[in-house]
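Subject: Structure for your review

Hello,

Here is the structure you will be working from. Please open it alongside this message and follow the residues as they come up.

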Amino acid sequence: MEEVIIITGASRGIGREIAKTLAKNGKKVIANYNHSLNQAVELQEELKKEGIEIDLFRADVSKKQEAEKLVEFTIKKYKKIDVLINNAGISDGKMITDITDEDWHKMINTNLYSAFIMSQLAIPYMIHEKQGQIINISSIWGMVGSSCEVLYSITKAGMNGLTKALAKELGPSGIRVNAIAPGMINTEMNNEFSPEEIEAIKQEIPLEKIGEPNEIAKCVKWLLEDSYTTGQIISINGGWVIT
Ligand code: NAP
């Protein structure tokens, strides 16, 4: 049977492109979405025209009960989870003095707890098969920190820690865990930036351009084909951050 892959936040942006790429490569994709039903259905219809079936599943993965339902649906239908891609995320630029407790809980739960709980729920099925893979979509800001994005940077740094620790814990069970840390990618997440601001950012990037979602999807595809990479934070950023 084809590899069964859960992608969180696959209705738009990077997750959507990952879903498209993997489905076109013969993988069984369960595309999770939360609010964007129309975009999710549009993705499903687009692939259907090419003879490719994907499953859509609505769940707010920042909530344990809904994450559980996503995993239960997958196991009931396919009996296994080969790959989990923790992509769902939000951003919110604010000075630290403006951040509320509500902001804290929302960002931590959406970006970090979702990756933790989805991993905790999926891992037993991977251990059962003695193989599996988790790919966390992190960010350069988890590596180097971003001004006015303290919360976002905390969640992505946490995701990097989760990736490294889990890779060590799960390596002996044949499970690989990696993160991709994109720089700026052309999605709705960056709609808050004006064209002038985007131009200024491009000047700071050695490759002089913003990345496209398919540049992240290509790396995910490569990670699925690979067999010896684990515990790594792979940063795809046009040279914006070089460590
Ligand atoms: P996007 O276009 O805003 O899409 C975000 C996706 O996450 C949507 O599909 C959304 O689903 C989903 N999502 C958000 N909260 C969710 C929840 N509680 N449960 C389930 N799904 C949820 O953003 P993007 O740029 O593709 O970002 C994807 C990931 O890449 C994020 O983790 C982000 O931090 C990371 N990233 C992005 C960039 C960038 O420059 N774009 C750079 C570095 C890292 P619904 O719309 O259906 O609710």
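Below is what was found in it, taken region by region.

The model is predicted, not experimental. Please keep that in mind when reading the distances and angles.

Helix H1

Helix H1 covers residues 13-24, which is 12 residues. From its first C-alpha to its last it reaches 17 Å, close to the 16 Å expected at 1.5 Å a residue. The helix is mostly covered, with 9 of its 12 residues buried. Among the buried ones are Ile14, Ile18 and Leu22, but also Arg16 and Lys20.

Salt bridges

The count of salt bridges comes to 16. In general, side chains of opposite charge can pair when their charged atoms come close.

One of the bridges joins the side chains of arginine 16 and glutamate 42, at 3.1 Å from N to O. This pair links distant parts of the chain, since arginine 16 is in helix H1 and glutamate 42 is in helix H2 (residues 37-48), 26 residues apart. Arginine 16 is buried because its relative accessible area of 13% is under the 20% cut-off. Glutamate 42, with 48%, is partly exposed.

Arginine 58 counts as partly exposed at 38% relative accessibility.

Aspartate 103 and lysine 94 also meet in a salt bridge through their side chains, at 2.7 Å from N to O. Here aspartate 103 counts as buried at 16% relative accessibility, while lysine 94 is partly exposed with a relative accessible area of 26%.

Helix H4

Helix H4 runs over residues 101-129. Its 29 residues should span 42 Å at 1.5 Å a residue, and its end C-alpha atoms are 40 Å apart, which agrees. The helix bends by about 45 degrees at tyrosine 113. Just after H4, lysine 130 takes a positive phi of about 55 degrees.

Tryptophan 104 is found in this helix and is partly exposed, with a relative accessible area of 37%. Together with Ile96, Val150 and Ile154, Trp104 makes a nonpolar surface patch of about 340 Å².

Aromatic pairs

How many aromatic pairs are there? The count comes to 3. One of them is made by tyrosine 113 and phenylalanine 116, with 6.1 Å centre to centre and 40 degrees between the planes, a tilted arrangement. Tyrosine 113 and phenylalanine 116 are 3 residues apart in helix H4, so about one helical turn separates them. As a general point, an α-helix has 3.6 residues a turn, so residues three or four places apart point the same way. Tyrosine 113 counts as partly exposed at 26% relative accessibility, and phenylalanine 116 is partly exposed too, with a relative accessible area of 37%.

Tryptophan 141 and tryptophan 240 form another pair, with ring centres 5.3 Å apart and planes at 75 degrees, so this pair is edge-to-face. Tryptophan 141 lies in helix H5 (residues 141-144) and tryptophan 240 in the segment after strand E7 (233-236), so the pair ties together parts that are 99 residues apart in sequence. Tryptophan 240 is buried, with a relative accessible area of 18%.

Loops

Isoleucine 54 lies in the loop between H2 and strand E3 (55-58). Is this residue buried or exposed? At 4% relative accessibility, isoleucine 54 counts as buried. Its C-alpha is 7.1 Å from that of alanine 31, although isoleucine 54 and alanine 31 are 23 residues apart in sequence.

Lysine 79, in the loop between helix H3 (64-78) and strand E4 (83-86), has a positive phi of about 70 degrees although it is not a glycine. Lysine 79 is exposed, with a relative accessible area of 60%. Cysteine 148 sits in the loop between H5 and helix H6 (150-170). Cysteine 148 is not a glycine either, yet has a positive phi of about 65 degrees. With a relative accessible area of 34%, cysteine 148 is partly exposed.

Regards

Key
Residues are numbered from 1 along each chain as its sequence is written. This is a predicted model: local features need pLDDT of at least 70, side-chain atom pairs count only at pLDDT 80 or more; totals for chains, interfaces and linings use all residues. Side-chain values use heavy atoms; hydrogens and water are left out. Rings of Phe, Tyr and Trp (its six-membered ring) pair if their centres lie within 6.5 Å; planes under 30 degrees apart count as stacked, over 60 as edge-to-face and the rest as tilted. Helices (H or I, at least four residues) and strands (E, at least two) are DSSP runs, numbered from the N terminus. Buried means under 20% relative accessible area, exposed over 50%, partly exposed in between (1.4 Å probe, protein chains only). The expected span of a helix is 1.5 Å times one less than its number of residues. The bend at a residue is the angle between axes fitted to the seven residues ending there and the seven starting there. Patches are made of residues with over 30% relative accessible area and no salt bridge: like charges are joined within 9 Å, nonpolar side chains (Val, Leu, Ile, Met, Phe, Trp, Tyr) within 5 Å. Accessible areas come from the Shrake-Rupley method with a 1.4 Å probe; for residues, only the protein chains shown count as cover. A salt bridge is a side-chain nitrogen of Lys or Arg within 4 Å of a carboxyl oxygen of Asp or Glu.
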